[in-house]
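This report describes the fold, the core and a few selected residues of one protein. Please examine the sequence and the structure shown here before reading on.

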Amino acid sequence: MRNPIHKRLENLESWQHFTFMAALCERMAPNFKLFCQMNELEGESKTYQNILNLVWEYLTVKNAKINFDNQLEKLENIIPDLNDYDNFGVVPALDACQALAEILHAIIAGETLEKAIEISRISLSTVTALLATENGRDFSEAELKENQDIQAELDVQWQIYRLLKDCEKRDIDLILDLKNEIRAEGISNIGIKFDQ
């Protein structure tokens, strides 16, 4: 599905791309945490959160020294295999891991625009996958455009984009406020509420 935000992301600086990506990853985190809880993977849940915390640190702490190649390796060790699980929960958990992997690749390689667009797509595809599973069928592009859940996801992406677009320079307080707001809400892109 075409998302008009992707064109607009071209106008942002790389720190804004990173913040956009981190915010979307933060919204997907409850999906992974719930999956870990249901499958008794407590360590994996902690690893995911630690890596995400380091991403936020990278965005907000000047000269933070973090080995992101090492973090990517840790993440690759906890990515669930679709074939090992027979419930839907593995799909949003996998998407959450893929989104986090994209931001790590962006930090390592510096390709922020492409990765921001990719994470936006991943987050939307999680919602689409849930709709297809709940309804036992795929949705057409037109149906997706009219769907409330899809609209809600697009709205959140636009809200984050607008917040960042209005910033002239990297605003640490804004980045931290955004992180804290998403964490406090604790609701994922598919409506999973995970109480910390």
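## Burial and overall form

The model described here is predicted. Of the 196 residues in the protein, 49% are buried.

Along the principal axes, the C-alpha atoms of the protein fill a box of roughly 45 × 40 × 30 Å.

## Helices and contacts

The protein contains nine helices and zero strands.

Among the contacts with a separation of 6 or more, 73% are between residues 24 or more positions apart.

## Charged side chains

The protein carries 20 positive and 34 negative side chains. The centres of these two sets lie 7 Å apart.

## The largest nonpolar core

Which residues touch the most other members of the largest nonpolar core? They are Phe 32, Tyr 48, Leu 75, Leu 100 and Ile 103, in a core of 64 residues. The elements that give two or more residues to this core are α2 (14–38), α3 (42–60), α4 (68–76), α5 (90–109), α6, α8 (148–165) and α9 (172–185). The largest share comes from α2, which gives 13 residues.

Leu 75 illustrates how such a residue is surrounded. When its neighbours within four places in sequence are left aside, Leu 75 is in contact with Tyr 48, Ile 51, Cys 97, Leu 100, Ala 101 and Leu 104.

Is Thr 112 buried or exposed? Thr 112 has a relative accessibility of 9%, and because buried means under 20%, this residue counts as buried. Thr 112 belongs to helix α6, which covers residues 112–135. Not counting residues up to four places away in sequence, Thr 112 touches Ser 14, His 17, Phe 18 and Met 21.

Asp 173 lies in helix α9. Its relative accessibility is 54%; the limit for an exposed residue is over 50%, so Asp 173 counts as exposed. Asp 173 and Thr 60 are 113 residues apart along the chain, and their C-alpha atoms are separated by 8.4 Å.

Most residues other than glycine have a negative phi. Two residues of this model are described here with that point in mind.

Glu 40 is not a glycine, although it has a positive phi of about 50°. This residue lies in the loop between α2 and α3. Glu 40 counts as exposed because its relative accessibility is 74%.

Where is Asn 63 placed? Asn 63 is in the loop between α3 and α4. Its phi is near 60°, a positive value in a residue other than glycine. With a relative accessible area of 62%, Asn 63 is exposed.

Key:
Residues numbered from 1 in each chain as written. Predicted model: local features only at pLDDT ≥ 70, side-chain atom pairs only at ≥ 80, totals over all residues. Heavy atoms only, no water. Helix = DSSP H or I, 4+ residues; strand = E, 2+ residues; numbered from the N terminus. Buried < 20%, exposed > 50% of the residue type's maximum accessible area, 1.4 Å probe, protein only. Contact = heavy atoms within 4.5 Å. Lys, Arg positive; Asp, Glu negative; His and termini not counted. Charge placed at Lys NZ, Arg CZ, Asp CG, Glu CD. Core = buried A, V, L, I, M, F, W, Y, C linked by side-chain atoms within 4.5 Å.
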